[in-house]
Amino acid sequence: MTVRQVLRLGDPRLRQTSRDVTNFGTPELLAMIADMQDTMAACEGAGLAAPQIGVMRRVMIFGFEKLSRYPDAEPVPETTLINPQFQALDDHYESGWEGCLSVPGMRGLVRRHARIRYRGFDPHGKLIEREADGFHARVFQHEYDHLDGVLYPDRLEDPLKFGFIEELQAAGEL
Ligand code: NI
């Protein structure tokens, strides 16, 4: 298990579309997921997608009990999802501040579906199906975007609602 380097905005690999996983439960897949978990824990992230460590596969992890990076966020179940899919449950959206380990030190206000149903597979190919709302739904949609080469600054609600955490806090935005 290894803490891997997280690619940062500007690295073209973050802009590629990742491919489905075809073989579940392999030592390579399990080792890669363990690296993702170590990396996310070391960075105190809420989630991480495989392309962020340079692996172009449709794998995401997310979840936490408590996080210093997002002190107000409600707990999200610790989840590994492979080949995920989702749909909005209604046409309700919510705006919220997001950060990303690939865009360190910054936050931006992003509109996401408020309630979703998602599905995907665990590392051994077992189906996971859930409904989610709040920060759980937000984290899922953020990580899902990484699998299609989309980063949250692409989805800013307002270019003025984007900046460095300290400056946004000083300005009373965060
Ligand atoms: Ni991210």
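Strand β5 (residues 106-113) pairs with β8 in the antiparallel sense over three bridges. Strands here are DSSP runs of E with at least two residues, helices are runs of H or I with at least four, and both are numbered from the N terminus; two strands pair if DSSP finds at least two bridges between them. Across this pairing, Met106 stands opposite Phe164 in β8. Before going further, please note that this is a predicted model, in which local features need pLDDT of at least 70 and side-chain atom pairs count only at pLDDT 80 or more, while totals for chains, interfaces and linings use all residues. Residues are numbered from 1 along each chain as its sequence is written, and side-chain values use heavy atoms, with hydrogens and water left out.

The pair belongs to an open sheet of three strands in the order β4-β5-β8, with antiparallel pairing. Because β4 (93-98) and β8 (162-164) stand at the edges with a single partner strand each, one side of each is left without a neighbour in the sheet. On average, neighbouring strands of this sheet are turned by 25° against each other, direction ignored. Helix α2 (residues 134-147) packs on the sheet and touches β4 and β5, with its direction at about 105° to that of β5. Contact means heavy atoms within 4.5 Å, and axes are lines fitted to C-alpha atoms, for helices over the stretch in contact, with angles from 0 to 180 degrees between N-to-C directions.

## Strands β2, β3 and β6

Moving on to other pairings, β2 and β3 run antiparallel and are joined by five bridges, with Phe62 opposite Thr79 in β3. Five bridges also join β3 to strand β6 (residues 115-121), again antiparallel; here Gln85 stands opposite Arg119 in β6.

Asp90 and Arg115 meet through their side chains in a salt bridge (2.7 Å, N to O). This pair links distant parts of the chain, with Asp90 in the loop between β3 and β4 and Arg115 in strand β6, 25 residues apart. Counting a side-chain nitrogen of Lys or Arg within 4 Å of a carboxyl oxygen of Asp or Glu as a salt bridge, the total comes to twelve.

## Pockets

The largest pocket has a volume of about 390 Å³. On a 1 Å grid over the protein atoms alone, a pocket is an open set of points with protein on both sides within 12 Å along at least five of seven lines; a cavity is a set where a 1.4 Å probe fits but cannot get out; lining residues have an atom within 4 Å of a point. Grid points are joined across faces, edges and corners, and a volume is the space filled by probe spheres set on the points. Of the 15 lining residues, Tyr70, Asp72, Trp97, Arg107 and Leu174 lie nearest the centre of the largest pocket.

The second largest pocket has a volume of about 190 Å³. Among its 14 lining residues, Gln37, Met40, Phe62, Gly63 and Glu78 are the closest to its centre. Strand β2 gives the largest share of this lining, four residues.

Helix α2 supplies the largest share of the lining of the largest cavity, five residues.
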